Amino acid sequence: MGKVAPHGAARSARGDGGTAWRDGYLHGTVTACVAAGGWHNGRAVALTRSRSVNERPPRIIVLDDDAEIRNMLRRYLTDNGFQVQAIDSAEQLDRLLQREPFDALVLDLMMPGEDGLSICRRLRANGHTIPILMLTARGDSVDRIIGLEMGADDYLPKTSDPRELIARLNAMRRRQHMLHSAEVWGNDEVTEFGPFTLNISRMELQRDGASIPLTNMEFQLLRVFAANPRRPMSRDHLQDKVKGRDHEAMDRSLDVQISRLRRKIEDNPAAPCYIRTVWGVGYVFTPEGGDA
């Protein structure tokens, strides 16, 4: 059976992976259709996880300037149980975030005007904690590291199978639920170390009374460290705690997130006194600071 390209796929000339994403979208919906047993009204029937009657669908913003990809993402995510707002500009994003809460933002990296990195950096600088999944045409590790440095929670090339987007959004959703789970994290509401106060219930870090903005991943990491003082923890253990079993074996994003966190709590991030590297093991949190 020959490969059938989606309508308009050949029109993409930006070199941004749009054609590959369109092909991947078609592959994902066709695969879902086969698994579900057919088509309905000319569209693939996607598989969705079961959801209780009282559980609202996850609310997602998709920001991409490519109208065709944006609409494909909106349809695909909607078919998979998400409530989607698809937009094409930073101005629309700002209006949505001021108006109502959302569970995640799917953000295109390459856009005219204010690009994805600038939007991500601005949101984090303003203290906005919405989980951000960055989409890019390339799988370059440099792009990924820069995106994580700017405050993105996850990263996905447009060449990926669209089903991976669903899996990653669901994983981000599970991590949000974990933030409020006393069973996972323990019951201590407030932890103090040095001049810092970490308020668990308010998801807030303060230094001498001044609030320090944290991304969701940074907060989760600091919460894990605060719950396990003076206990060396491997990267895999930390990844399991903050990402569940969804992380990749060679995923180095944890080191990037810890680097960002150090810059916010350490007087000298190059010689940290709170989050220290244990060579051959991972990291250890010393709330007393120094070498205690």
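Select helix α8 first: 11 of its 12 residues are buried, so the helix is largely enclosed by the rest of the structure. Buried means under 20% relative accessible area, with exposed over 50% and partly exposed in between (1.4 Å probe, protein chains only). This is a predicted model, in which local features need pLDDT of at least 70, side-chain atom pairs count only at pLDDT 80 or more, and totals for chains, interfaces and linings use all residues. Residues are numbered from 1 along each chain as its sequence is written, and side-chain values use heavy atoms, leaving out hydrogens and water.

Color the buried residues of α8, among them Asn-216, Phe-219, Arg-223 and Ala-226. Helices (H or I, at least four residues) and strands (E, at least two) are DSSP runs, numbered from the N terminus.

Show the side chains where they touch: Met-217, Glu-218, Leu-221, Leu-222 and Phe-225 of α8 meet Leu-254, Gln-257, Ile-258, Arg-260, Leu-261 and Lys-264 of α10. Contact means heavy atoms within 4.5 Å.

Finally, select Asp-108, in strand β5 (residues 104–108). Asp-108 is buried, with a relative accessible area of 2%. An unreviewed UniProt entry annotates Asp-108 as "modified residue: 4-aspartylphosphate"; such annotations may be inferred rather than shown by experiment.
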